[in-house]
Amino acid sequence: MGERKVLNKYIPPDFDPSKLPRVQKPRNDQIKVRMMLPMSIRCKTCGNYIYKGTKFNSRKENVMGETYLGIQIFRFYFKCTTCSSEITMKTDPQNSDYVVESGATRNFEPWREDDDLVETKKRKREAEEMGDAMKGLENKALDSKREMEIDAGLSEMKSMKSRREGVSFDAMLGALKSREEEKKKLEEEEDEALIKSIFCKPKNEDCVKKIHEDDVKWQHVSLTKKEKENPGGKGVPGDANKFVFKSSTVGSRISVVKKPACDHSNSKK
């Protein structure tokens, strides 16, 4: 346990590294690596589906005699999760992909079909241009027109970006705030106009006003000669004890007649 944390080990003074025996590894030595399956496959032996992202303990080796632009191609050996049959695949640096060699088949992947369609269209165009010069000229004209449209779109996007760069963030926030304040003010004015139209009548009509008790002043007044002659006035029984009150808010003079006391002796009869 004491040597576990030692960083510098003792080297004797008579040590000669040239006398150490060289270990010769085999040229195509296999290395054990743990990897994730880069594609979905189906085992040919048991028919089990192995999905993309499944982890395996695999063996890696260099494919002898196969390179692409100086890039070494590797081969991987791993086993099926159900029947333990061996499956092999190798790297494909030309297409940035993997190729299943034996033991399984690759599942259908839609993006690979799109790539295949693009390749077939490209080959078909090359075959057409090979025997017909006019067809090649037409294709070049269409390509130049497409490039011009793309350039016009890019220039429009650049101009829009330059216009937006001229507007500062603070100015934009200020404009939004002022717009909200104007909208709020307009809504308040509309609410006030609606309240006035409901609770206030026009000037040519009589407005009903509330009379407060503080504004009422009671006064005892004497009856006029006309009121003494016709105390009741239109059938109302007259009474000398008549009071009026004046309202400072309304400015009107309203008369109140004191009711006569009931004669209980007559009612019993």
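**View 1. Cys43 in strand E2 of the predicted model.** Cys43 sits in strand E2, residues 41–43 (strands are DSSP runs of at least two residues, helices of at least four, numbered from the N terminus). With a relative accessibility of 3%, Cys43 counts as buried (under 20% relative accessible area; exposed is over 50%, partly exposed in between, 1.4 Å probe, protein chains only). Skipping neighbours within four places in sequence, Cys43 is in contact with Asn48, Cys80, Cys83, Ser85, Gly103 and Ala104 (heavy atoms within 4.5 Å). Numbering runs from 1 along each chain as its sequence is written, and side-chain values use heavy atoms, without hydrogens and water. As this is a predicted model, local features need pLDDT of at least 70 and side-chain atom pairs 80 or more, while totals for chains, interfaces and linings use all residues.

**View 2. Cys80 and the annotated cysteines.** Cys80 is in the loop between strand E5 (71–79) and strand E6 (86–92), and is buried at 3% relative accessible area. Beyond residues up to four places away in sequence, Cys80 touches Cys43, Cys46, Asn48, Ile50, Ser85 and Ile87. An unreviewed UniProt entry marks Cys43, Cys46, Cys80 and Cys83 as "binding site" (such annotations may be inferred rather than shown by experiment). These four span 41 residues in sequence, yet no two of their C-alpha atoms are more than 8.9 Å apart, so they gather at one spot.

**View 3. Leu173 on helix H3.** Leu173 belongs to helix H3, residues 169–199, and is partly exposed at 43% relative accessibility.

**View 4. Confidence along the chain.** The protein chain averages a pLDDT of 76, with 71% of the residues scoring at least 70 (pLDDT is the predictor's per-residue confidence, from 0 to 100). Over residues 234–269 the pLDDT is below 50.
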